[in-house]
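User: I would like to go through this protein fold step by step, with each answer ending on the value or name that was asked for.

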Amino acid sequence: MALQGKFIWKGIEISDAYITIQQTNCSVAWDKSQVLKTEAKYNEDGTIKSEAVYEEKIDKILHGNYTANVYKDKASKESNPDVKIESIYGSYDPKHTASAKNDVAQAYEALKVTDACKDLADA
């Protein structure tokens, strides 16, 4: 997987840039919150008849980050992958369902919609 095409780097047009995902990182966070289950009830005189009841809600939140390397062209990447023009960093919202693509494919999808890479083609 890679992206290829015209890429602007520091105002310089690279006509056949080749961009590959170098690394992805996915982490899980647990968001805990209190959700109202039953509202409080009051007596006619305003005193509390029954307290409000809350329950804890826990949501799983996935965070994804990627690093992509930009090369002058595909031949440059293949001949010396350690010599890159620059690295691009970004984030994505990973999906970990049975039908979801792997994290690298999801990172490419996120990279493809950035302003810098939206006109590049799959390579």
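Analyst: Two strands are taken to pair if DSSP finds at least two bridges between them. The model is a predicted one, and the answers below should be read with that in mind.

User: How many bridges join strand 1 to strand 2, and do they run parallel or antiparallel?

Analyst: Strand 1 and strand 2 form a hairpin with two residues between them, and within this pairing F7 stands opposite I14 in strand 2. The two strands run antiparallel, and the number of bridges that join them is six.

User: Which residue in strand 7 does Q4 stand opposite?

Analyst: Strand 1 also pairs with strand 7, which comprises residues 121-122, in the antiparallel sense and over two bridges. In strand 7, the residue opposite Q4 is A121.

User: Which element gives the largest share of the largest nonpolar core?

Analyst: This core has 20 residues, of which F7, I19, Y66, I88, L111 and C117 touch the most other members. Two or more residues are given to the core by each of strand 1 (3-9), strand 2 (12-38), strand 5 (53-71), strand 6 (86-92) and helix 2 (103-112). The largest share, five residues, comes from strand 2.

User: Which residues does I19 contact, leaving aside neighbours within four places in sequence?

Analyst: I19 is among the core residues that touch the most other members. Once its neighbours within four places in sequence are left aside, the contacts of I19 are A2, L3, F7, A68, N69, V70, I88, Y108, L111, C117 and L120.

User: Is T20 buried or exposed?

Analyst: T20 is found in strand 2, and, not counting residues up to four places away in sequence, it touches M1, A2, T67, A68, N69, Y71, K77 and Y108. Its relative accessibility is 8%, and because buried means under 20%, T20 counts as buried.

User: What accessible area do V28, W30 and I58 have together?

Analyst: I58, which is found in strand 5, is partly exposed, with a relative accessible area of 46%. Together with V28 and W30, I58 forms a nonpolar patch on the surface, and the accessible area of the three together is about 320 Å².

Definitions and conventions: Residues numbered from 1 in each chain as written. Predicted model: local features only at pLDDT ≥ 70, side-chain atom pairs only at ≥ 80, totals over all residues. Heavy atoms only, no water. Core = buried A, V, L, I, M, F, W, Y, C linked by side-chain atoms within 4.5 Å. Buried < 20%, exposed > 50% of the residue type's maximum accessible area, 1.4 Å probe, protein only. Helix = DSSP H or I, 4+ residues; strand = E, 2+ residues; numbered from the N terminus. Contact = heavy atoms within 4.5 Å. Patch = residues over 30% accessible without salt bridge, like charges linked within 9 Å, V, L, I, M, F, W, Y side chains within 5 Å. Areas by Shrake-Rupley, 256 points an atom, 1.4 Å probe, with all protein chains shown as cover. Salt bridge = Lys/Arg side-chain N within 4 Å of Asp/Glu carboxyl O.
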